[in-house]
Amino acid sequence: MTATHDLGTSSLGTSDLFRSVFRRHASGVAVITAQGTRPVGFTATSLASVAAEPPLLSFGVGSGSSSWPVLSEAEYVGVHILGEHQRELAATFARSGADRFGPATDWRSGPEGVPVLDGVLAWLVCRVVTRIPAGDHRVVIGEVTTGTAAGAGRPLLYHQGRFNALRD
């Protein structure tokens, strides 16, 4: 005899279900930067470690985003891990049409000319290894070339559509 159970399945469309599920998944917050004729950057919650040897990471970027034209050709990118004190910075880099590198953003030109944000918990410069088409996004894989983990503080998190602090 086979028992059946209501698993609480959703009647939402698959894309809506996907979004609903991932709103419940807490993730760290990073800002990805690159240099073209002007600096570009965006807030990413898709940052992932891929391999330790060689040190590889990945992140997703919308192929319709304003940053994509530069990222599609960039040889190097900056990856910045934000602290809980940087909610406004995360919001600025997430907001369409924002002046991301304006006077409110402390940054400098770093290794390989990549824009490096000041005051972050950690930053890396990565050589882009590949860009993989994935639906309306591209998955970028980068190999770490340099960086620092010298920043102090606790990480910024993204959960339920909001930037949050880590609680003990």
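How many helices and strands does the chain have? It has three helices and 12 strands. The model is a predicted one. Its C-alpha atoms fill a box of roughly 65 × 35 × 35 Å along the principal axes.

Start with the sheet. Seven of the strands form an open sheet, and the pairing is antiparallel. The order reads E3-E2-E6-E9-E10-E5-E4. Strand E3 (39-44) and strand E4 (48-51) stand at the edges. Each has a single partner strand, so one side of each is left without a neighbour in the sheet. From one strand to the next, the twist averages 35 degrees.

Strand E2 covers residues 30-35 and runs antiparallel to E3. Six bridges join the two.

Step back to the whole chain. Of its 168 residues, 37% are buried. Consider the contacts between residues at least 6 apart in sequence: 61% of them join residues at least 24 apart.

The accessible surface comes to about 9900 Å². Carbon and sulfur atoms account for 53% of that area. The chain carries 14 positive and 14 negative charges. The mean positions of these two sets are 6 Å apart.

Note on methods:
Residues numbered from 1 in each chain as written. Predicted model: local features only at pLDDT ≥ 70, side-chain atom pairs only at ≥ 80, totals over all residues. Heavy atoms only, no water. Helix = DSSP H or I, 4+ residues; strand = E, 2+ residues; numbered from the N terminus. Buried < 20%, exposed > 50% of the residue type's maximum accessible area, 1.4 Å probe, protein only. Contact = heavy atoms within 4.5 Å. Areas by Shrake-Rupley, 256 points an atom, 1.4 Å probe, with all protein chains shown as cover. Lys, Arg positive; Asp, Glu negative; His and termini not counted. Charge placed at Lys NZ, Arg CZ, Asp CG, Glu CD. Pairing = 2+ DSSP bridges. Axes fitted to C-alpha atoms, helices over the stretch in contact; angles between N-to-C directions.
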